[in-house]
Amino acid sequence: MDYFVLGYYTLLIGASCLAAYYQQRPIFMLLFSITLVSFVMGIIGGKEALWTTTVVAASIGLAAGTSYGFREFLINISGRETQKMLRTAPLTASFGMFIIFTYAIMGIFAPVIAPYGEAEVIGGAFDPPDENMLLGADQLGRDMFSRIVYGARNTVGLALMATGAAFVMGAMAGMLAAVKGGWFDQLMGRTADVIMSVPSLIFALLLLSIFGTNLTVLVVIVAVIYAPRVFRLTRAVAGNVVVMDYIEAAKLRGEGTWYLIRKEILPNSTAPLIAEFGLEFCFVFLLLAGLSFLGLGIQPPTADWGSMVRENATLISFGEITPLIPAAAIALLTVAVNFVVDWMLYRSSGLKT
Amino acid sequence: MTEKKEILLKIRDLRIEGYSDEKWIEIVHGVDLTLRRGEVMGLIGESGAGKSTIGLAAMGFARDGCRISGGSVEFDGLELTTTAEEDLRALRGNRIAYVAQSAAASFNPAHKLIDQHTEAPVYYRIRKRMEAQEDAMELYERLRLPNPREIGFRYPHQVSGGQLQRAMTAMAMACRPDLIIFDEPTTALDVTTQIEVLAAIRDIVDQFNTAAIYITHDLAVVAQMADTIKVLLKGNEVEEAPTAEMLENPKEEYTKSLWAVRSFKRPQKPRPTSEEPVVSVQNVDAAYGPVKVLDDVSFDVYSGMTVAVVGESGSGKSTTARVITGLLPPTTGRVLFKGEELPPNYRSRTKDQLRQAQMIYQMADTALNPKVQIHEIIGRPAQFYGGLKGAALKSRIDELLDLIELEPAKYFHRYPPELSGGQKQRIGIARALAAEPTFIICDEVTSALDQLVAEGILKLLDRLQKELNLAYMFITHDLATVRSIADEVVVMKQGKVVEQGPKDVMFTPPHHPYTDLLLSSVPEMDPNWLTTLLEERGVDNIGEAADK
Amino acid sequence: MKDVLIIVLKRLGLGLITLFVISILIFGAVELLPGDIAEAVLGQGATEENVAAMRKQLGLDRPAPVRYLDWLSGAVVGDFGNSLVSGSNVSEVIAPRFANTLFLAAYAAVIAVPLAIILGVIVALLRNSVFDRVANVLTLTSISSPEFFLGYILILYLSVKTGYFPAIAKLSSDMSLLEVLHRTFLPALTMVLVVMAHMMRMTRAAIINLLASPYIEMARLKGTPAWKVIVKHALPNAWAPIINVVALNLAYLITGVVLVEVVFVYPGIGQLLVDAVTKRDFPVVQACCLVFAATFILLNLAADVGSILTNPRLRHPK
């Protein structure tokens, strides 16, 4: 038994006792269950397992600290209404906002941040990390780190564009259908049903096999596949607004469709629509990543996270984590957006009751 | 008052908090209550008075997001606030039972009525399953449910609302509890259905000598049911007194104002002889798909006069309004406006035709766009029809706000959610006035409001009618409102006009049988009203009369 | 019961119509090719004669509706024509691979469905507790991760570093069932992780929604014990939402399998589809898409019929 193991258990048990003494039941339960799990893990996995636990706990702590700091930062720089809203944000949500913020910076200032160009060959294939290349080289000897940074711009940019297109189409159609009703509503609804009854990835593959792979085609295909989903939600949200008496009053006043959408429906649907944008972005982002991973998305030499996983996949069998890094980059952003969306949905549902 | 019975429920300094905006806020501020065995206490108050919360607290229960934060609730010597949840549970359904407002939602759709009825007595081992079923049928019979031996084997959605409410009362009686909490049991029902449920509840509580807390916002109802009345306002007790005393001689100002509400009455105006009607509905039939909802409806509305259209839910009164506004084109018949036929669909009407007929809605919450400022809500019709802009528009908005007795400077930039219910309804009126109409449809405009506020709205509407010579079509199910504001009355039932005429004629006998049923079913303040009425009608045919 | 039958039949009819429209869509999409199939497959370097010969071989000289009917009548009896690349019969290629895919999906479903529903109900009952919050973060993370990320992590830790399971799920006919289950454990686990998270969240939401209904409050006010509230009052009304959750996720399993198959080189229909797309082997692409779409529609149909049959209001009409 060395000092690390001793210190590990002392700290855990000491902290749980403190929590118990101050009657912090959830914290105590959490700490003590970690202690129990550690006993088992320590026996099976030895010191290494405990070390892993420590690292994980430390990174969660670090993430929590950063999120807390970032939330305070946001509260300090924002206006009164936003402040009140931000104070209710759980740490997961501010963690999400922090990650989104970081990715945005990375994407916008990619050429400044990345030490090398995205297609620049500077070393041998699969060179290990050194002082030049933070994360080593890929299968062609390009700097992994630079490509990840550029990937933020390419992958996220494409997903944003596609989501935006799907959103504009779906939301407009949804609100029009809600206001117009009748055959237009029926037609749009049935069309959406049909498109949605083909699984999205399969539909994308079918269309890609026909139109080939280029950026415009990708954006259009994704927009066509996801617009019906946005349509459905917008139709439902707008449907709830349309039955309100103020819409009837406006209709009876003789207002036109455009006025109804702009002045009456849109202001009352923004909250769920923003949350939906986040959700759709996640779906689109994962779909595009999947297509890239299959070699049917953004084409080389453009840096793209999904393709990077595919290109470096062989490294996995040598126990290297390199291909996991771009995959983790995808997961991290999706998690971040989902955290924020989850909070927004919780807020909007909590306010109703 | 000869002998004091044993005290069953003793609540002292009860405080309850509710969780909103991330903090706990006290909503009941120290209420006392004493209930003796076999007594019925009426809890009365407007929405937000804390009636239901107190009722549930009497069972040691707080809804999610509420908690009992102080005081004591003593039931038959047992202190409920400190009793363990398990022991509290053993009281509920057994010694204290609950009857909810909406029976349709409170019965589980997946089980037969009788299975839900027998659940508690079987669980508490008070009766065996078969005995409990037998007992249920007997209770159904006592509550005068039709086919008492068979009705329990139906599912909730197969039974009508009034019957469900009685079945729920039977269920509450299953274990012969010492105390029943009735939480607005007749609020969701029509007046004619309400009578039978009230009568059934009163009888059964009497027969088993059960103590009850009867929660309602309707004074006349509580007058029939309760021995003592407690008046609540915003989580505080206003006063408590035996029913007769409370009705005759209320002490507090607030209570007096509640009692005085129905006093507003304006003189009836005669129908002008030479003039053409503003709106004339002629032989209108209408249908939703294959279902016919209006059958040969005709009536006229003259300028400066109020026509009240009365009926229970499903009578077609709101549909008539939809036909007049053009939202639902009639299948046959026509609507004339100042002698000119209106296009059946609102889309084909001219801007001027749309302007002349305006509407005020029941729910001010849904009638005003919550994301638009008051000045825009009121200003839009003036801008849209009158083409007003800039300073002219602003002064018109100020003028309208003055007209509805709201201070322009204060409300100009507010949003609807920042206003009270009555203020919102006033904004709704201002929006209608902004179009400078000649005819306004008022759809149940006061039924969502507390009584005092409703009174204010009625007075305002009356004043505006005199000043602007408006014609009103007043849709309502509340005969008190009809008495106070109408000149002429149209009674509707199942899409047909049953009877129509000037108010004084309509309110003096002889009546059409349905009008008579409707009129006599409206609860009156007199504590003996229900008893007298039941005697007059003969107990046995109440259900029959109402089912027709 | 007669009304229910009519509703169910109507729903089945709607499903058939949808499938029909989708078959038009799948066939019509290929018609949208710039030029035609022959040009697209042979590329720009092809001579006029070659293209003409291929057109003739594929019968492209006939009008599109005729060819569609031809294709559809073949598809109905399981004949999708021949592959453009290998020339072999498409159905013969697809059938064994589709069986593999179904096996993998069933494997994952058997683990995921009961676990997810039980955990979902538990989380719903413990809502807003620490356990619920941790579960919320974990499921969100799992949902947010691309399948290949989870797949490679599992390969790295359970295969490369420890050697518990094989990283590549190649099958051969002489394997015992136990061997097959061991081989396909990692792909199945990957799908379990994703689908379980989805299902847990949906079950939780459905149960919480249900627990807010007035009849649940009534049951509590009748003194019904907590377990009985769940079993007797909540569960009979929870079937419809739970059936929906399960069917939706099974559908997801069938289609989300594509990426997992590629990661683990599993000989399923997804892998085949991806290959066919890269090689522009249209008959295979069309056939795969139709099979996927049909499965998807069938599962949604099953969910709808299931919720109709369990709805007490419809089972016991007035």
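The legends below describe close-up views of a predicted model.

Residues are numbered from 1 along each chain as its sequence is written, and chains are lettered from A and ligands numbered from 1 in the order in which they are written. In this predicted model, local features need pLDDT of at least 70 and side-chain atom pairs count only at pLDDT 80 or more, whereas totals for chains, interfaces and linings use all residues; side-chain values use heavy atoms, with hydrogens and water left out.

**View 1. The interface of chain A and chain C.** Contact (heavy atoms within 4.5 Å) joins 42 residues of chain A to 44 residues of chain C. The two chains bury about 3,700 Å² between them, 84% of it on carbon and sulfur atoms; buried area is the accessible area (1.4 Å probe) that two parts lose on being put together, summed over both. In chain A, the most area is lost to chain C by A:Ile202, A:Ile210 and A:Phe293, together 15% of what that side buries.

**View 2. The salt bridge between chain A and chain C.** The count for this pair of chains is 1 salt bridge, defined as a side-chain nitrogen of Lys or Arg within 4 Å of a carboxyl oxygen of Asp or Glu. C:Arg201 pairs with A:Asp342, and their closest N and O atoms are 3.2 Å apart. Helices here are DSSP runs (H or I, at least four residues), numbered from the N terminus. On the side of chain A that touches chain C, α14(A) gives the largest share, 10 residues. By class, that side has 31 nonpolar, 9 polar and 2 charged residues, where Ala, Val, Leu, Ile, Met, Phe, Trp, Tyr, Cys and Pro count as nonpolar, Asp, Glu, Lys and Arg as charged, and the others, Gly among them, as polar.

**View 3. The interface of chain B and chain C.** Here 28 residues come from chain B and 21 residues from chain C. The buried area is about 2,400 Å², of which carbon and sulfur atoms give 57%. B:Pro109, B:Glu119 and B:His157 supply 26% of the area that chain B buries against chain C, more than any other three residues.

**View 4. Salt bridges between chain B and chain C.** The count is 2 salt bridges, and one of the pairs is B:Arg63 with C:Glu217 (2.7 Å, N to O). Helices α3 (103-106), α4 (113-123) and α6 (161-173) of chain B each supply at least two residues of the side that touches chain C. The largest share of that side, 5 residues, belongs to α4(B). Its classes are 15 nonpolar, 7 polar and 6 charged residues.
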